[in-house]
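Dear colleague,

I am passing on the structure we spoke about, and below it you will find a short account of what turned up when I went through it.

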Amino acid sequence: MTRKEELIKLIGEDVSLLPLIDDMVYLEKQLEYFRALPMIKVHPLDPNKQKVTPAAKLYKECLQQYTNIV
């Protein structure tokens, strides 16, 4: 059973939630992808200097959207 089928089973007959299910499945895949990327860039000469990567910012935005759907 796919993740989409699991979620459809949970909502039952409420067809109005189907677009949210699609978004939720998409965001789960995106979050999984972003999790595999480095979130912090460390300066090679000074490890105390760290910088957040664009992947971390995208992860945060997607996580917020996912949380709103849930």
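Helix packing and salt bridges

Helix 2 and helix 3 cross with a left-handed sense; please keep in mind throughout that this is a predicted model. The axes of helix 2 (residues 18-35) and helix 3 (residues 54-69) come within 9 Å of each other, crossing at roughly 150 degrees, and because an angle over 145 degrees counts as roughly antiparallel, helix 2 is described as roughly antiparallel to helix 3.

Searching the whole structure gave three salt bridges. One of them joins the side chains of Arg 3 and Glu 6, at 3.4 Å from N to O, and both of these residues belong to helix 1, where they are three residues apart, or about one turn of the helix. Another pairs Glu 28 with Arg 3 at 3.0 Å, N to O; since Glu 28 lies in helix 2 and Arg 3 in helix 1, this pair ties together parts that are 25 residues apart in sequence. Glu 28 counts as buried, at 18% relative accessibility, whereas Arg 3 is partly exposed, with a relative accessible area of 32%.

Lys 4 and Asp 22 also meet through their side chains in a salt bridge, at 2.8 Å from N to O, and as Lys 4 lies in helix 1 and Asp 22 in helix 2, the pair ties together parts 18 residues apart in sequence. Through shared partners, salt bridges join Arg 3, Glu 6 and Glu 28 into one network.

On the surface, Ile 8, Val 15 and Leu 18 form a nonpolar patch, with about 220 Å² of accessible area together; Ile 8 is found in helix 1 (residues 3-11).

How values were computed
Residues numbered from 1 in each chain as written. Predicted model: local features only at pLDDT ≥ 70, side-chain atom pairs only at ≥ 80, totals over all residues. Heavy atoms only, no water. Patch = residues over 30% accessible without salt bridge, like charges linked within 9 Å, V, L, I, M, F, W, Y side chains within 5 Å. Areas by Shrake-Rupley, 256 points an atom, 1.4 Å probe, with all protein chains shown as cover. Salt bridge = Lys/Arg side-chain N within 4 Å of Asp/Glu carboxyl O. Helix = DSSP H or I, 4+ residues; strand = E, 2+ residues; numbered from the N terminus. Axes fitted to C-alpha atoms, helices over the stretch in contact; angles between N-to-C directions. Parallel < 35°, antiparallel > 145°, perpendicular 65-115°, else oblique. Left-handed = near helix turned anticlockwise from the far one by under 90°. Buried < 20%, exposed > 50% of the residue type's maximum accessible area, 1.4 Å probe, protein only.
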